[in-house]
Structure formats: structure tokens, C-alpha cells
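Dear colleague,

Please find the structure below, together with its sequence. My notes on what was found in it follow directly.

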Amino acid sequence: MAKATRKKATKKPATKPRDDDLFSAAPKARGGKASYTAKDIEVLEGLEPVRRRPGMYIGGTDEKARHHLFAEVLDNAMDEAVAGYANRIDVEVDKDGIVSVSDNGRGIPIDPHPKYKPKSALEVILTTLHAGGKFGGKAYETSGGLHGVGVSVTNALSEFLVVEVVRDRELYTQRYERGKPKSKLKKTGKAPNRRGTKISFRADPEIFGKRSAFDPKRLYRMARSKAYLFAGVKINWKCAGELLREADHIPAEETLHFPKGLEDFLEASVGSHTRVTETPFTGAVRKEGGTAGSVEWALTWIGDGDAFVHSYCNTVPTPDGGTHEAGLRAALTKGLRAYGELKGNKKAATITADDVLSTCAALLSVFIREPEFQGQTKDRLASAEAQRLVENAVRDHFEHWLTGDPKTADRLLAWTIERAEERA
């Protein structure tokens with residue numbers, strides 16, 4: 001039987017594509033059109049980008065994002081207080097879920113804007129992203145609403161917003177719905193005993209859901225924290241009784257004013273927890289000139305309970321920390337190591353920042369010009385000068401605090417070394 005022979009397969013050389021193949025039309029997308037022309041380019045104007053993509057501006061449409069609308073309006077009122085033009089802020093929540101924030105400051109400018117005539121400056125601020133008086137540093141030395149998207153974003157994502165401004169004893173009002181003005185700015189009468197700005201709004205159910213509503217407990221805590229951060233302001237809180245739950249222990253009315261600032265805040269936060277140090281470490285420093293800025297802090301060490309560091313920049317909470325917290329960590333660690341070296345305790349050299357802060361309850365507030373945040377929601381501070389400002393200010397005072405009270409300092413050093421040994 002003849003043996004079958006197999007023909008060896010020969011590999012064909014790769015064919016180089018012709019130039020015209022490279023530019024041949026691609027197959028049509030499944031179920032779509034192959035054309036892509038200038039007609040397909042959509043330009044979103046005004047506040048439409050905010051309504052289309054709210055997550056880019058307030059981080060989403062969840063509860064935290066919804067309450068960010070209130071934070072932006074409250075930040076503007078606080079900026080007036082910190083700048084020295086207001087000393088009272090009123091926050092009111094009615095039974096229909098409408099939130100109102102008013103201050104006795106200068107009032108938003110209502111004269112025609114030179115670049116956008118015939119619109120008033122007020123309308124420009126409320127309907128234009130990146131419009132505000134906080135970029136040049138002339139109207140505000142420090143501010144929390146620096147990005148210029150705050151109140152305009154609140155306007156865009158509100159079912160309606162009504163603004164009232166008193167300038168030169170005249171009352172002006174304007175109404176907006178979903179970011180668009182529904183009326184012209186109107187002069188509605190005399191207001192001889194009033195000044196400042198009042199903004200009332202309700203979150204849009206089209207954005208946040210029909211059952212979404214503001215949480216009075218969360219609003220109250222946000223307002224109270226602002227009062228702690230700036231002792232020069234009184235915040236009058238008022239909430240409809242129908243919205244309150246007995247379990248939350250939130251008052252229907254209260255005046256929030258704390259003359260000792262962060263020290264009062266720390267006492268309320270720590271409560272009955274066991275303290276490692278009998279007296280808290282508190283202080284404040286204000287820098288002038290080229291390194292302008294201020295730092296205030298209040299902290300203690302607790303033997304039970306959870307440690308925390310709550311930080312703020314220009315009264316804006318920074319839950320993700322940032323450069324100011326890095327400055328605090330460095331100051332406390334270097335200061336305690338230096339004290340240990342002074343006392344001849346070699347174990348102090350092993351202390352890390354985590355050992356120092358693992359049982360620390362700390363509040364830190366900085367005020368700086370033109371802060372840089374990561375993201376529109378300002379959860380993390382990125383300004384390099386904040387780290388230098390905090391580290392230099394806190395370390396100097398911390399070393400004096402330690403050497404001025406050796407009994408407390410020795411107890412803290414021994415406590416922190418124990419934490420280091422547990423870690424090891």
C-alpha cells in the first residue's frame with residue numbers, strides 16, 4: 001500500500017495594507033449612524049451642565065450631595081461674617097422642606113454687571129458658573145466659596161430659589177426655577193431695619209428623587225459647626241416641629257454662639273470620655289503680610305472612645321484631610337520627640353505620627369487666601385502653604401505647652417510610647 005504523503009503547508013507572507021485601506025470607512029456602529037459631523041456637537045449653556053451631570057459639581061445625587069446645596073449657601077453667609085460685615089445668620093427649615101439662609105451682611109450687588117449688561121450682578125452670580133467676588137481677593141480676604149460655582153449650583157439643582165437682597169434700605173427680590181430666572185430683579189419696597197441677603201430654596205425632586213428631603217439633624221449639625229468655627233457670629237436655628245424626631249434631640253429653635261470657639265467644640269465632641277491629659281492643648285495664631293493666614297486648634301488625648309481629627313479651611317469642612325492636617329501631624333510628632341529627647345528618653349525616637357494621633361481628638365481650623373481644594377466639593381485641602389503655616393504655628397506652641405506642664409507632658413509621652421510599643 002502506497003504511503004500517503006502530506007504536503008507541507010506554506011505560510012503566506014503578511015500582506016501590507018494599502019494606503020487606501022487605512023482610510024476606508026469603518027463599519028456602522030450597531031444600531032447607530034456612521035456620520036459624525038458638527039451637528040453632533042452639543043454645547044450646554046448656562047447651568048445646564050450642572051443639571052445634566054450634578055455629580056461633577058456636588059459629588060452625586062445622594063443625601064450628602066443634597067445637603068451640599070445648603071452648605072454652599074451657608075458658606076456664602078459665613079464668608080460675610082468672617083470678613084467682618086455680618087454677625088448674625090438665620091437658618092430656617094419649614095414644614096414643606098424649604099430651607100432659608102439669611103445674613104445681615106452687605107447684600108449681593110444688584111447693580112448691572114459691566115460685562116453682562118443688562119443683567120444684574122446678582123443674576124450673573126446665580127446663573128453663571130465661576131462668577132463671584134472671591135477670585136481677586138478684594139471683596140474677601142479669605143472665603144470658603146472660592147471656586148465660584150457654589151450658589152449657582154444650588155440654584156441649578158433647586159426646584160425653585162427665591163433671593164431677597166437689601167441694599168441702601170431697599171428690598172430687591174427675584175425668583176428662579178431650576179436655575180432659570182422667572183422674573184426680573186424687582187424693587188419691592190423699603191426695608192429700613194434690615195440688611196443683607198436671604199436665599200430660600202427647595203431641592204429639585206427631578207434630580208434627587210420625589211421622596212428626598214433635607215434631614216434637620218444634619219442641617220443643624222452643619223450650622224452648629226459653623227458657629228463653633230467663628231466665635232464672632234450668632235446663628236439662629238429654627239425648624240418646623242413636624243420635621244423633628246424626638247430621638248434626634250434637635251431643638252425647634254436655638255441660638256448657636258460659642259465664645260471659646262474650638263475649645264467649646266472639643267468639649268462637646270469629647271463629652272465624658274476619659275482624658276489622658278487633664279487640660280486640652282488649644283491655641284490660635286494669626287500671620288500677617290506675605291504669609292497671611294490664621295490657625296486655630298483644640299485637641300486632647302482620650303483613653304477610651306474613637307479618636308478623630310476634624311479639619312476645616314475657611315469654615316469649609318475637609319473630611320478627607322489634606323495639607324493642613326499633614327502640618328498638624330508633623331508638628332505634634334516632632335514636638336513630642338523633641339520633648340522626649342530633652343528628657344533623655346531614648347524610646348521617644350521610635351514615635352510615629354500614627355502613635356501620636358491614634359488616641360487624639362483634634363479640631364483644626366485654618367483661614368488662608370485662595371485655598372486650593374481637590375474637587376468641587378472641597379473635601380481635601382491641597383494648598384502647600386497650609387502645611388507650613390500649621391506646622392510652624394502648632395509646633396512652637398506645643399513645645400511650650402509640654403515644657404510648661406511637665407506632669408502632663410510626661411504622662412502624654414509615656415502614653416504615646418505605649419502606643420508605639422503596641423504597634424511594634
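Glutamate 370 is partly exposed, with a relative accessible area of 47%; buried means under 20%, exposed over 50% and partly exposed in between (1.4 Å probe, protein chains only). This glutamate 370 has a positive phi of about 45 degrees, although it is not a glycine. Its place is the loop between strand 14 and strand 15 (373-374), where helices (H or I, at least four residues) and strands (E, at least two) are DSSP runs numbered from the N terminus.

The model is predicted: local features need pLDDT of at least 70, side-chain atom pairs count only at pLDDT 80 or more, and totals for chains, interfaces and linings use all residues. Residues are numbered from 1 along each chain as its sequence is written, and side-chain values use heavy atoms, with hydrogens and water left out.

Arginine 169 also has a positive phi, of about 65 degrees, and is not a glycine. Arginine 169 is located in the loop between strand 3 (158-167) and strand 4 (170-177), and counts as exposed at 58% relative accessibility. As background, most residues other than glycine have a negative phi. Glycine 344, which follows helix 10, has a positive phi near 75 degrees.

Isoleucine 235 is in contact (heavy atoms within 4.5 Å) with residues including Met78, Ile89, Val91 and Leu256, leaving aside neighbours within four places in sequence.

Helix 8 (residues 216-229) contains serine 225, which counts as buried at 13% relative accessibility. A polar atom of the serine 225 side chain lies 2.8 Å from the backbone oxygen of methionine 222. Not counting residues up to four places away in sequence, serine 225 touches Phe265 and Tyr312.

These two residues also take part in aromatic pairs. Rings of Phe, Tyr and Trp (its six-membered ring) pair if their centres lie within 6.5 Å; planes under 30 degrees apart count as stacked, over 60 as edge-to-face and the rest as tilted. By this rule the count comes to 11 aromatic pairs. Tyrosine 228 and phenylalanine 265 are stacked, at 4.3 Å centre to centre with 5 degrees between the planes. Tyrosine 228 belongs to helix 8 and phenylalanine 265 to helix 9 (residues 262-270), so the pair ties together parts 37 residues apart in sequence. Phenylalanine 265 and tyrosine 312 form a tilted pair, at 6.5 Å and 40 degrees. Tyrosine 312 lies in strand 12 (residues 308-313), so this pair ties together parts 47 residues apart in sequence. Both phenylalanine 265 and tyrosine 312 are buried. Elsewhere, Phe281, Trp297, Trp301, Phe398 and Trp401 form one aromatic cluster.

Helix 12 (residues 384-404) has 21 residues and reaches 31 Å from its first C-alpha to its last, close to the 30 Å expected; the expected span is 1.5 Å times one less than the number of residues. Among its buried residues are Phe398 and Trp401.

With kind regards

Note on methods: Polar contact = N/O pair within 3.5 Å; in protein donor to acceptor, adjacent residues only side chain to side chain.
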